[in-house]
Amino acid sequence: MNRFRGKFQVLPAIPEKLKELRELAYNLHWAWNQDTQQLFRRIDRELWDDTHHNPVLLLGKVSQTRLEELANDEGFVSRVNKLSANLKNYLESAAWYQKQNSNVKDLSIVYFSAEFGLSECLQTYSGGLGVLSGDHLKSASDLGLPLTGVGLLYKEGYFQQYLTTDGWQQERYEINDFENLPMKPVFDKEKNPLVLSVTFPGREVYFRVWRIDVGRTPLYLLDTNISQNNPQDRKITETLYGGNIETRIQQEMILGIGGFRTMMALGKKNVICHMNEGHSAFMALEKIRNLMQKENLSFSEAKEIGFYSNIFTTHTPVPAGIDVFSNDLVEKYFADYYRNQLGISDKDFYALGTISKDRPSSVFNMAHLAMNTACYINGVSKLHSVVSRKLWANGFKEIPFNEIPIDYVTNGVHIRSHLSREMDELFFQYLGETWSQDPSLTEPWQRIEKIPDVELWRTHERRRERLVAFARRRLVKQVKARGGSEQEIKLAAEILDPSALTIGFARRFATYKRAKLIFRDIERLADLLSNTSAPVQLIISGKAHPKDEEGKRLIQEIYQIANEEVFRRKVVFIENYDMNVARYLVEGCDIWLNNPRRPLEASGTSGMKIIANGGLNFSILDGWWDEAYEPSVGWRIGNGEDYEETEYQDEIESRMLYNTLEKEIIPMFYERGDDKLPRRWISKMKASIKTLSPQFNTSRMVKEYTNKYYLPAYEKLTILKGSSWANAKKINEWKEMLRNNFSSIRIVEMNSSASKKDLMVGDELKVNAKVYLGALSPKDVDVQIYYGPFDELDDPSRNSFINMKGSKVGVDGVYEFTGSAVCTVTGLQGYTIRILPKHEIMVNSHEMGLIFWA
């Protein structure tokens, strides 16, 4: 077979008057700018849809005749110039971060994620985690953060879904043509493609670097499909979450180690690294190695620097969601790395892969690696932080549950990326522009009451009509692809009712999300959907992981139910769920149904996307909805109960689901006055938009990450870096000294005022203690009175602590401490003394895992 000997790129000959089109196409700011999207749609509406809304491919495929025609259209040229000027102004103007932190000049935040959902034309995502990562970058751009994204570039991306005639999910993989996507290769100083490498057993694996501009925020994606690699290594970045366990460790080495090396090659300094899930945790090892090599530091010194400048966000509530590798596999890939480059023993290395310190582990846990190398750890909702503490409590023995250092930043969504054009225009008309520049501000959303009910309702109705039209087109396409009859095609074109109450359910088909809960009582559901005076319909979409047989079976069962005569026009399953399908659903549904098995939904963000579009949430009190719910903004299923018996739970909660639909949701939707408007429903829509929009967005979320983690981490890094890392060396020496001497601490004598008489409310419990600190001194530790209800010691939320004051001079290592606590509650109380490490650099008292209880 003949082979091509070379390759060359052919670019569209864009007329001089339209040259800014290329600039607009290559910056993903268009992904959340309705005007720019409309501009590309105007070039060729059908081609815009056929290219999956890819402006680069659109410009490559549109005819030269059409381009010349547009160049002679003064109105179009004027529009191009105006949008180009708007983009330049957006990129160059000072944003929130510059205005708030003008004194911070050299901070670099690097955000690592295995997937980024930016647009449907970029197959670099599988679901919610990726869309969240993409929204994080978009809000970082809007806020002006000095943030850079790092991920992998997948030749086939995530699979495309189609169903067989009996509803079984099949997977198809499409090749991504990087040259026709809104991304560009990165070049080095010699104008050659930037190619770096990571050492694998017996070989180097090379990767090329590509860049996507997400507004102000650059995203760098790494690609191993290059000629320098052998055929097997070229496939490392072939598919997202594909291959076997060895493929996974290879991908994560490229992401973590290769990603950090890319940042160094690009000259990033003062790097604060954010690991979005544990996939990129090998980055922490490379950061240590880099510091050791460049700054001549020891492993433990470099580890301290990394520890205080890394952030780890966990998204999983269950162990099964965490990547875990056997020690044998890790040894295969890291033996030389940890022995010869990090210079540590196998015992010390494998201890990094577990938070259980009392015994060695036979597996290497990526979440644990991240937790051991990051000072800042957070879950993605308030409830998820509690779930995470439960999940990892064994790694924090003797530490009260509520003090386990796992905080939370509740997820959000980038509102303009998920907002319909019609609602976008309505908001600009009545709310002004401020909401679009920073949707986390509360005041602009209060103006939602200015929108006339009729305008809000008609706008929402238009989006529902477009959703129904879209569902019909997709279903016709699905039926044709399966070889359906003319009658089946005709029926597909007539499904759904544009004016009926429309419920959406779309997400990954994991079993805990309980996609079939609404189908549990099939006869009751049939009665509910068949009511001609109050019609209800259900649109469902979602993918199961290719290896998840149970998830595939759920899809098949729902597909078969949807094809039963009683449900055929009322229940629709839309294949190949992606960002485009999601857009139509969140923009057009009246109700967003979410019924995971609590507390297995870490956060969930799909329901957040419906808020600004005027849809209402109907959900289990899990993830974000556990924080957001109040009766005025939506509906709940249950009261936040936890069940031991899942079958019983499903029965109870399905009944609650039906009852709420029958008695509250459906009657309210169809309660119309003489003007045919559902006034109470519209009031709930407005309350939801006004109350929830300023809170559950990524502008608020990224601000929170900045103030809670990024800036404090930068301050710590600045302190440690002082005088050629002298402070880093000092803190490392201090911690080593503390570890060596902490076990010698003991209480010599302790007494309190409570031993002499009963105390009254308002009295002070006075405690005196003589403590042997040995080589330590009072400035090294916090000695605390820990007190609370005597019979509720196991509920640390009921307990309190207060620091005691110590004498400056000790005798033979013994120091005297005194303290007092005011009695505020009656009943039998208990108290003790505990001792914790103390240093100004420490973020929390439990980060060393040392605690002494009297």
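This section describes a set of paired strands and several loop residues in a predicted model.

Strand β7, residues 203-214, pairs with strands β5, β6 and β8. The pairing of β7 with β5 (residues 184-185) is antiparallel and consists of two bridges. Within that pairing, P185 is placed opposite W210 of β7. Strand β6, which covers residues 195-200, is also antiparallel to β7, and six bridges connect the two. Here S197 faces Y206 across the pair, the latter residue belonging to β7. Between β7 and β8 (residues 217-223) there are seven bridges, again in the antiparallel sense. In this pairing D213 is found opposite P218, a residue of β8.

The hairpin of β6 and β7 has two residues between its strands, and G202 in its turn adopts a positive phi of about 75°. The hairpin of β7 and β8 likewise has two residues between its strands; its turn contains G215, with a positive phi of about 65°.

Positive phi values also occur at residues other than glycine. E277, in the loop between β9 (271-276) and α11 (282-295), has a phi near 75°. The relative accessibility of E277 is 7%, so this residue counts as buried, the cut-off being under 20%. R514 has a phi near 55° and is located in the loop that runs between β15 (501-506) and α22 (522-529). R514 is likewise classed as buried, because its relative accessibility is 5%.

The loop between β18 (591-594) and α25 (606-609) holds E601. P599 is found in the loop between β18 and α25 as well, and the peptide bond leading from R598 into P599 is cis, with omega near 5°. E601 has a relative accessible area of 7% and is therefore buried. When residues up to four places away in sequence are left out, the contacts of E601 are Y512, K513, N594, P596, D622 and G623.

H846 is situated in the loop between β27 (829-837) and β28 (852-853). With a relative accessible area of 6%, H846 is buried. Its contacts, again without residues up to four places away in sequence, include I399, E403 and P405, together with R834, L836 and I851. H846 and C273 are 573 residues apart along the chain, and their C-alpha atoms are separated by 21 Å.

Terms used: Residues are numbered from 1 along each chain as its sequence is written. This is a predicted model: local features need pLDDT of at least 70, side-chain atom pairs count only at pLDDT 80 or more; totals for chains, interfaces and linings use all residues. Side-chain values use heavy atoms; hydrogens and water are left out. Two strands pair if DSSP finds at least two bridges between them. Helices (H or I, at least four residues) and strands (E, at least two) are DSSP runs, numbered from the N terminus. Buried means under 20% relative accessible area, exposed over 50%, partly exposed in between (1.4 Å probe, protein chains only). Contact means heavy atoms within 4.5 Å.
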